[in-house]
Amino acid sequence: MLYPAQVFFFMPHKHSTSAHQSPMIERCLKALCTLASVLFYRDRRHADWLYEKMNRPETYVFQFMNVLYYLTRKPRIFKVISLVIEPVYGCNLNCSYCWYSITHYFEHKSRRTKFMPLSLFKKAIDHSPDSVESVAFALIGEPLLHPEIHTMIAYARSKGLRTVLYTNGTLLAGNVKARIAESGLDVLVISAEPDSNNSLKHRGVKLETIKARIDDFLKIKPDAMEVKLSVVVHQDNVDAIPDIENQYRGIIKHIKLSPMIRYNGTRSTSRCIEPWRGSLGILTNGDVTPCCVSAGYRPITVGNLKNHNLNDMISGPAFKTCLTDLTKGNRPDVCHRCRAYQRKDIPLRVPALSGKPRITH
């Protein structure tokens with residue numbers, strides 16, 4: 001059976017890659033990402049973040065249908081386009097704004113194992129829907145702490161999936177550095193503060209240490225691997241963002257600005273598009289969530305990978321009930337508490353389709 005997008009673009013579908021994508025198609029897709037970034041995030045700087053997950057033309061059709069389902073209040077998604085894997089629940093740092101520094105106080109910590117077993121990871125990849133294009137290693141922890149992270153990356157790549165890894169960069173040295181460089185990873189995103197003062201205050205690590213790790217890795221990485229920076233934007237560092245942009249100009253092309261999320265709200269009446277974005281988060285213990293943001297507080301779960309396959313969960317009653325409740329305004333506690341830092345000159349954390357941004361300072 002062919003999907004409409006495949007018929008239109010005459011492209012293979014099952015976990016196909018974009019390695020041989022024509023320059024014209026690439027330019028068209030990047031133009032679509034720029035348009036979507038301006039319309040939905042009110043800033044063109046999120047365009048690269050969108051393209052990072054979507055390199056195949058058919059994925060754009062799938063995502064368009066997901067957004068259409070959200071707008072028409074359908075309690076289902078059209079296709080899942082990406083997985084966000086949590087290989088590690090834990091970190092070698094204790095950043096003041098990180099979800100892990102908050103979640104370790106909550107009762108669900110006892111349900112999360114520190115490392116995702118390799119067998120569970122392979123099950124997630126082997127049973128992922130054909131529509132999935134990318135896998136990101138992220139969520140609540142430092143992926144480079146996992147002793148088999150390079151094996152996970154290589155396995156996902158062997159199945160034709162794009163791979164993205166988010167790290168604080170401190171462990172990117174020695175054998176870890178070499179293994180990541182050789183793993184076949186498509187995109188490495190290193191999170192950093194924009195200046196030395198904030199790095200010490202909020203992360204407890206010298207910015208010079210992170211910069212040295214980045215510079216060393218750039219010397220050995222393959223040409224095909226992209227290295228990017230990510231800044232968690234908050235009140236203390238927002239005015240220092242030009243510092244890191246100037247420091248890495250001509251060295252690193254893309255810097256993602258990610259407004260800080262806090263769980264200090266009381267009540268929300270806004271509809272949120274997050275569960276309709278076609279991304280599923282898989283936690284270390286196998287819990288599956290359609291909202292990666294909720295993973296930092298009390299995760300909204302629709303099943304567990306140890307007991308069910310992803311396809312069964314996507315079409316199952318728990319997922320439908322979750323989306324039905326959200327459509328009707330029956331939001332769980334985490335939705336009411338969720339707040340994103342925002343300023344007019346910073347991209348939104350959640351698309352503008354979700355209504356008036358919920359702001360915290």
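This is a predicted model: local features need pLDDT of at least 70, side-chain atom pairs count only at pLDDT 80 or more; totals for chains, interfaces and linings use all residues.

Trainee: How many salt bridges does the count come to by the rule?

Mentor: A salt bridge is a side-chain nitrogen of Lys or Arg within 4 Å of a carboxyl oxygen of Asp or Glu. By this rule the count is 11. One of them joins the side chains of Glu26 and Lys30, with N to O at 2.9 Å.

Trainee: Where do Glu26 and Lys30 lie?

Mentor: Helices (H or I, at least four residues) and strands (E, at least two) are DSSP runs, numbered from the N terminus. Both residues belong to helix H2 (residues 23-41), and they are 4 residues apart, about one turn of the helix.

Trainee: Why does Glu26 count as partly exposed?

Mentor: Buried means under 20% relative accessible area, exposed means over 50%, and partly exposed is in between (1.4 Å probe, protein chains only). Glu26 counts as partly exposed because its relative accessibility is 28%. Lys30, at 35%, is likewise partly exposed.

Trainee: Which parts of the chain does the pair Lys228 and Glu52 link?

Mentor: The side chains of Lys228 and Glu52 meet in a salt bridge at 3.1 Å, N to O. This pair links distant parts of the chain, with Lys228 in strand S5 (residues 226-233) and Glu52 in helix H3 (residues 47-53), 176 residues apart. Both Lys228 and Glu52 are buried.

Trainee: Which residues do salt bridges with shared partners join into one network?

Mentor: Consider Arg343 and Asp345, whose closest N and O atoms are 3.0 Å apart in a salt bridge. Salt bridges that share partners join Asp239, Arg343 and Asp345 into one network. Arg343 is partly exposed at 29%, and Asp345 is partly exposed at 38%.

Trainee: Is His146 buried or exposed?

Mentor: His146 is buried, because its relative accessible area is 5%. This residue is found in the loop between strand S2 (134-137) and helix H7 (149-158).

Trainee: Which residues does His146 touch?

Mentor: Contact means heavy atoms within 4.5 Å. Not counting residues up to four places away in sequence, His146 touches Pro87, Val88, Phe115, Met116 and Met152.

Terms used
Residues are numbered from 1 along each chain as its sequence is written. Side-chain values use heavy atoms; hydrogens and water are left out.
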